[in-house]
Amino acid sequence: MVHSLHAIFLVAGDNNIPIIYQVHRARDGSSFATRKVEAKQKGLVVFTLIASFQKEEVGFEHQAAIMPDVPPPEQLLNLEEIRERRLTDPRFPSQYRNLAAKKKFIPWPIEMRFCEGSASQHKPSLNYWFRARGKLSDDQALHRCVVAYASDLLFSGVSLNPHREKGLKTYCLSLDHSIWFHKPVKADEWMLYVIESPSAHGGRGFVTGRMFNRQGELIMSLTQEALIRREKPRGPNPRPKL
């Protein structure tokens, strides 16, 4: 089973053209196996990944990380409920509410429930519960793929939180992303995602993450660095340069 993933994003990709993945068999040992993956578009490598796999074994165990004391997901609003409240909240300008109501809302395949309110949106941290919508099969590889996908939805953006201000437009592009799986994952059950951004400098924001199950077990650890910049007027090519 995969126990760690280390990805580097080399060039901005294009959602409108196919991606070709080439998998290189780097090593097959008695306990570990390693694969190197290259993602290509138009013959150019846009992404690389090192994935390490391990046979299941029994060994030493300890956990120093403690899950934060946060409300359970059943007491928190989901994204759809937050949207409905904003549409009817008189504290928001009517123009904003009208525009939001006209915008087509497409639910994410990942359900999220935020532990803090909007008052904490400028903190370099974020805690939220998440799970896949619907029931997944028992395939542990599928659960790890789903959680790896979900881990990137809001991760690097937390490094921009202390710098957000009215009217400021920014963009954020992943540079690298690492994941370590400590224990079996259940992506269709609630997990707490604890994100912190200890540093931003030189146009790069750094974030760390921990994922806990409802029993308080540390399931995964994550890191990511991203390019964070003020948005500038662009020409006909909308893709930012790295």
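How many disulfides does a search of the whole structure find? The search finds zero. A disulfide is a covalent bond between the sulfur atoms of two cysteines. The model discussed here is a predicted one. Cys115 has a relative accessible area of 15% and is buried, because buried means under 20%. Cys145 reaches 52% relative accessibility, so Cys145 counts as exposed, the cut-off being over 50%.

The overall layout comes next. The chain has 242 residues, and 36% of them count as buried. Its secondary structure comes to three helices and 10 strands. Read from the N terminus, the order of the elements is β-β-β-β-α-α-β-β-α-β-β-β-β.

The aromatic side chains give a way into the fold. Six aromatic pairs are present in the structure. One of them joins Phe130 and Tyr193, whose ring centres are 6.1 Å apart and whose planes make an angle of 55°, which makes the pair tilted. Phe130 belongs to strand S6, residues 125-132, while Tyr193 belongs to strand S8, residues 191-201; the pair therefore ties together parts that are 63 residues apart in sequence. Both Phe130 and Tyr193 are buried. These two residues also belong to a cluster: ring pairs link Phe130 and Tyr193 with Phe114, Tyr128 and Phe155. A pair of aromatic rings is described by the distance of the centres and the angle of the planes.

Ser199 and Pro124 are 75 residues apart in sequence, yet their C-alpha atoms are 8.8 Å apart in space.

Which residues make a nonpolar surface patch of about 310 Å²? The patch is made by Ile8, Leu10, Val11 and Leu44. Leu44 lies in strand S4, which covers residues 44-54. Leu44 has a relative accessible area of 46% and is partly exposed.

Note on methods:
Residues numbered from 1 in each chain as written. Predicted model: local features only at pLDDT ≥ 70, side-chain atom pairs only at ≥ 80, totals over all residues. Heavy atoms only, no water. Patch = residues over 30% accessible without salt bridge, like charges linked within 9 Å, V, L, I, M, F, W, Y side chains within 5 Å. Areas by Shrake-Rupley, 256 points an atom, 1.4 Å probe, with all protein chains shown as cover. Salt bridge = Lys/Arg side-chain N within 4 Å of Asp/Glu carboxyl O. Helix = DSSP H or I, 4+ residues; strand = E, 2+ residues; numbered from the N terminus. Buried < 20%, exposed > 50% of the residue type's maximum accessible area, 1.4 Å probe, protein only. Phe/Tyr/Trp six-rings, centres within 6.5 Å; stacked < 30°, edge-to-face > 60°. Disulfide = S-S within 2.5 Å.
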